[in-house]
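Hello,

Here is the structure I promised to pass on. Please open it first, then read my notes below.

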Amino acid sequence: MMRNVIVVGVVILSFVIAGEASAQMKDGLWEITTKIEMKGMPNQIPAMTVKQCMTKNDITPKPMGKDQNCKIKDQKIMGDTVTYAMECKGKDGTVTESVGKMTYKGDSFEGSNNITTKSKRETMQMTSRMTGKYLGSCTK
């Protein structure tokens, strides 16, 4: 019986340590550059750079579209890596699903996600590659 309690304690501790590993991500202002790739697109979309305040409680970058209602459906933190699934619903009925992975490295991160956008007329698939750089404290 005592052995089972110790095993359960070690398992719980490992989840706490894995969650604490996200502490390598600094709360504050981040500069995020995103490059979107679409198969079959003759012209490449230029990279976009935005600044966002991020915290350990809000560890994934927010989508750039303002007319979307987005929810994280699944998120796991293992070490410095965050995997997630997000769903965004646009006011026009468009649904965008993203499955992504980001790895934090102190003052920076790298990541990518696969995006599927479904509208009444078509379905588009694309991949985005992100890099982030910590800039400092957020100003309000």
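**What I found**

Reading from the N terminus, the elements run α-β-β-β-β-β-β-β. That is 1 helix and 7 strands. Please keep in mind that this is a predicted model.

Some overall figures first. The protein has 140 residues, and 29% of them are buried. Its exposed surface comes to about 9,600 Å². Carbon and sulfur atoms supply 56% of that surface. Among contacts with a separation of 6 or more, 40% are between residues 24 or more positions apart.

**Around strand β5**

Start with β5, residues 95-104.

β5 pairs with β4 (residues 81-90) through 9 bridges, and the two run antiparallel. In this pairing, Glu-97 of β5 stands opposite Glu-87. β4 and β5 form a hairpin with 4 residues between the strands. There, Gly-93 takes a positive phi near 95°.

β5 also pairs with β6 (residues 108-118), again antiparallel, by 10 bridges. Lys-101 has Ser-112 in β6 as its bridge partner. This pair is a hairpin too, with 3 residues between the strands. Gly-106 sits in the turn and has a positive phi of about 70°.

**The disulfides**

How many disulfides are there? The count comes to 2. Counting bonded cysteines along the chain, the pattern is 1-4, 2-3.

Cys-53 is partly exposed, at 35% relative accessible area. Cys-138 is partly exposed as well, at 29%.

The other disulfide joins Cys-70 and Cys-88, and its sulfur atoms are 2.1 Å apart. This pair also links distant parts of the chain, from Cys-70 in β3 (residues 68-78) to Cys-88 in β4, 18 residues apart. The torsion about the S-S bond is about 115°, so this disulfide is right-handed.

Cys-88 has 3% relative accessibility, so it counts as buried.

Best wishes

Definitions and conventions
Residues numbered from 1 in each chain as written. Predicted model: local features only at pLDDT ≥ 70, side-chain atom pairs only at ≥ 80, totals over all residues. Heavy atoms only, no water. Buried < 20%, exposed > 50% of the residue type's maximum accessible area, 1.4 Å probe, protein only. Contact = heavy atoms within 4.5 Å. Areas by Shrake-Rupley, 256 points an atom, 1.4 Å probe, with all protein chains shown as cover. Pairing = 2+ DSSP bridges. Disulfide = S-S within 2.5 Å.
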